[in-house]
Amino acid sequence: MDPAAGACLRMLFLLSAQPWSTLAAGNTYSCDAPLASALPRASFSSSSELSSSHGPGFASLNRRDGAGGWSPLVSNKYQWLQIDLGERMEVTAVATQGGYGSSDWVTSYLLMFSDGGRNWKQYRREESIWGFPGNTNADSVVHYKLQPPFEARFLRFLPLTWNPKGRIGMRIEVYGCAYRSEMVHFDGKSSLLYTFNQKSMNPTKEVISLKFKTRENNGILLHREGPNGKHITLELVKGKLILFLNSGDANLPSPDALMLGSLLDDQHWHSVLIELLDTDVNFTVDTHTHHFRAKGESSYVDLDYKISFGGIPRHRKSVAFPHKNFHGCFENLCYNGVDIIDLSKKHKPQVLIMGNVSFSCSHPQTVPMTFLSSRSYLALPGTSGEDRVSAIFQFRTWNRAGLLLTSQFQHRSGAFILVLNDGKLKLSLSQPGHPVRDVTAGAGLNDGQWHSVSLSAKGSHLSVMVDGEAASMAHSLRGQIDSGDTYYLGGCPDNSSDPGCASPLNGFQGCLRLISIGDKAVDPISIQQGALGSYRDLQIDTCGLTDRCLPSYCEHGGECSQSWDTFSCNCAHTGYTGATCHSSVYEQSCEAHRHRGNSSGLYYIDSDGSGPLGPSLVYCNMTDTAWTSVQHNGSHLVSVKSSNGESPQPVFFKYTASMDQLQAIIDYVDHCQQKLTFHCKKSRLSTPHDGTPVSWWVGRTNETHTYWGGSLPDAQKCTCGLEGNCIDSQYYCNCDADRNEW
């Protein structure tokens, strides 16, 4: 098997929601070899060590030399043990022990991973924000199988809790196998155009798979067109992936849009799988899948034989939505098992390279930091003695409010405080003898996106800029100001006397990055190593923001919103109530309305209660029992004219409830009836010579019927035929007498 094709098949094996046979994959998939035990001691590192015999090099599982494991100098939540696997590997399981023959073991821990040793990502167990269970003694081994597995070169174990009668002690093992990948980097102006062999196409199914990583929150990943404006486009929009499906049907106002994923601009790899099966589409991002069926007979496998990756070629930039080329990396890009990146590297004629692409992924890494609690803070030295104030940073959060930055000027000549308040940035300036002055900038800044902030003060001018939008206070500064000794970001220490620390707002919870104070960039690693500033409840070199609305637990169309540690559902206009919009506000039937003493009239009922079907508007006729009448558009007489006898003239009845809602209503009642009446004038229901029906109606399951109101199925007689009172006894229906009267 060609190794490139093998990489594509293996990626499909890992990504596809459908099981792949071992025959298709080429061999039995096995990926559980120990990876750490064979590494040299230099591959292990740590935040600190208690002594040379407690160093990280002794941290392999079952080692007894040295002190029999790793222990840090101080046992606290800022310690970590790191492994460099030497190259990117697939990791499928981990195992831990305590220190050999000691009272030192870890009872819970976080697992982090990274490609380059920077910008770490936490592995989350089944969407849980909590850590892994650890050990209960020093020498037993606790294994944990990773579902799903991940690919990384570097791993970090961060102890959360440990034996209270001992200290942190760890020995570890990592399991997995080698990982092969092909990469390509797009610079935001480049793309690949793949033209595939028409004969090799599967006419009923197409599969596209890839991984991507980027720090940009917008960009087109792939685009393919067809006749009459039909196209499919995969686009990153504000950190979420949207698959646009345009069927080319002029009667549909806009393309269907399937949205998955969130915070995908985190510079970590994310997997994508698109399966097109005629009118069915399966769209998977990481572990979440969206199943979609196109309206009508539209197929998404009858498009052109060209597909572009990384952007839309300039000659095709006529699509009806704004677009921006992708800036970042793809890995293992496969179309129906064909490795597109491998073809590109070999300059095969099937792939046209447009712009500058490179076949590696050396995207520069930023080092974010996470403010974990409302008590978190970062204190940084100011540029003391300078006659101006300057601070720049980027932040992302779900919280509507929190302290971002504050500092006191030299000689107690005033202070400024920058806060997030109701999703807006608010800068307040206080100086002795003058009222507090405020300026506000931005809106909706608690949307989880990265936002850039620039604050400057010089002379009598103070300004703040948010995402390029400036707000300023001219002539607001009174007298000479000098930069203070300390800048507090995200919060303040308990003993601070800084005026800005008296704010009633809680501390900031979210992520910061790219911090500069006085035009000097701040190095977060120096902070982590204790060489710069001080902090509390900070996680450095990772952004731990998670989307609690993915997946959304709000039912029935409820709108999910969130903060750092919780989510809520807005159930307005859904017809449901409760924490997750689960309970219907409507009665389940007309009978329930009757028991409440309600009179006849129009009511909403929800026949499946808290089920997936929404409420429907019905007429409740309150007699000795309650009759439920579902309205439709054919309650009055409708003229049906023949089409010269060549084809039937249809009349459609549209109900105020969907077919699923109708079925739920029918399932709930004791008796159901409907009367369909046909009035005729020289209009037969059947042919005179053999009785073949020439009029019929079609039921809700597309079955055809030829009987009418008052008759019975398959009777082939109208009511007068059953009762023996037709106008002309030769016929079983009055209409068949073909009289020139109604």
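With rings of Phe, Tyr and Trp counted as a pair if their centres lie within 6.5 Å, the count comes to 22 aromatic pairs. The structure shown in these views is a predicted model.

**View 1. Tyr335 pairs with two aromatic rings.** Let us begin with Tyr194 and Tyr335, whose rings form an edge-to-face pair, 6.0 Å from centre to centre and with 65° between the planes. This pair links distant parts of the chain: Tyr194 belongs to strand 10 (residues 191-195) and Tyr335 to strand 20 (residues 327-335), 141 residues apart. Tyr194 has a relative accessible area of 6%, so this residue is buried. Tyr335 is buried too, because its relative accessibility is 2%. Now look at Phe196, which forms a stacked pair with Tyr335: here the centres are 4.7 Å apart, with 20° between the planes. Phe196 sits in the loop between strand 10 and strand 11 (206-213), and this second pair also links distant parts of the chain, 139 residues apart. With 5% relative accessibility, Phe196 counts as buried.

**View 2. Seven aromatic residues are joined in a cluster.** Which residues do ring pairs link into a cluster here? They are Tyr109, Phe113, Tyr123, Phe132, Tyr144, Phe150 and Phe157.

**View 3. Two arginines lie over the faces of rings.** Find Arg41 over the face of Phe58, at 4.1 Å from the ring centre. Then turn to Trp450, where Arg513 lies over the face of the ring at 4.0 Å from its centre.

View 4. You will find Glu331 in strand 20. Is Glu331 buried or exposed? Its relative accessible area is 0%, so Glu331 is buried. The side chain of Glu331 makes a polar contact of 2.3 Å with the side chain of Arg88.

**View 5. Gly310 is a buried loop residue.** Gly310 lies in the loop between strand 19 (306-309) and strand 20. Because its relative accessible area is 0%, Gly310 is buried. The C-alpha atoms of Gly310 and Phe326 are separated by 5.0 Å, while the two residues are 16 residues apart along the chain. Leaving aside residues up to four places away in sequence, Gly310 touches several residues, among them Phe186, Ile220, Asn325 and Phe330.

**View 6. Cys31 and Cys177 form a disulfide.** The structure holds 11 disulfides, and one of them joins Cys31 to Cys177, with an S to S distance of 2.0 Å. This link is left-handed, with -95° about the S-S bond. It connects distant parts of the chain: Cys31 lies in the loop between helix 2 (22-25) and strand 1 (33-34), and Cys177 in strand 8 (residues 171-178), 146 residues apart. Both Cys31 and Cys177 are buried.

**View 7. Cys590 and Cys620 form a disulfide.** Here the S to S distance of the disulfide is 2.0 Å. The torsion about the S-S bond of Cys590 and Cys620 is about -75°, so this disulfide is left-handed. The pair links distant parts of the chain, with Cys590 in helix 5 (residues 590-595) and Cys620 in strand 44 (residues 616-622), 30 residues apart. Cys590 counts as buried because its relative accessibility is 0%, and Cys620 counts as buried at 0% relative accessibility.

How values were computed:
Residues are numbered from 1 along each chain as its sequence is written. This is a predicted model: local features need pLDDT of at least 70, side-chain atom pairs count only at pLDDT 80 or more; totals for chains, interfaces and linings use all residues. Side-chain values use heavy atoms; hydrogens and water are left out. Rings of Phe, Tyr and Trp (its six-membered ring) pair if their centres lie within 6.5 Å; planes under 30 degrees apart count as stacked, over 60 as edge-to-face and the rest as tilted. Helices (H or I, at least four residues) and strands (E, at least two) are DSSP runs, numbered from the N terminus. Buried means under 20% relative accessible area, exposed over 50%, partly exposed in between (1.4 Å probe, protein chains only). A charge sits over a ring if NZ of Lys or CZ of Arg is within 6 Å of the ring centre and within 35 degrees of the ring normal. A polar contact is a pair of N or O atoms within 3.5 Å; within protein, one must be able to donate a hydrogen and the other to accept it, and residues adjacent in sequence count only if both atoms are side-chain atoms. Contact means heavy atoms within 4.5 Å. A disulfide is a pair of cysteine sulfur atoms within 2.5 Å.
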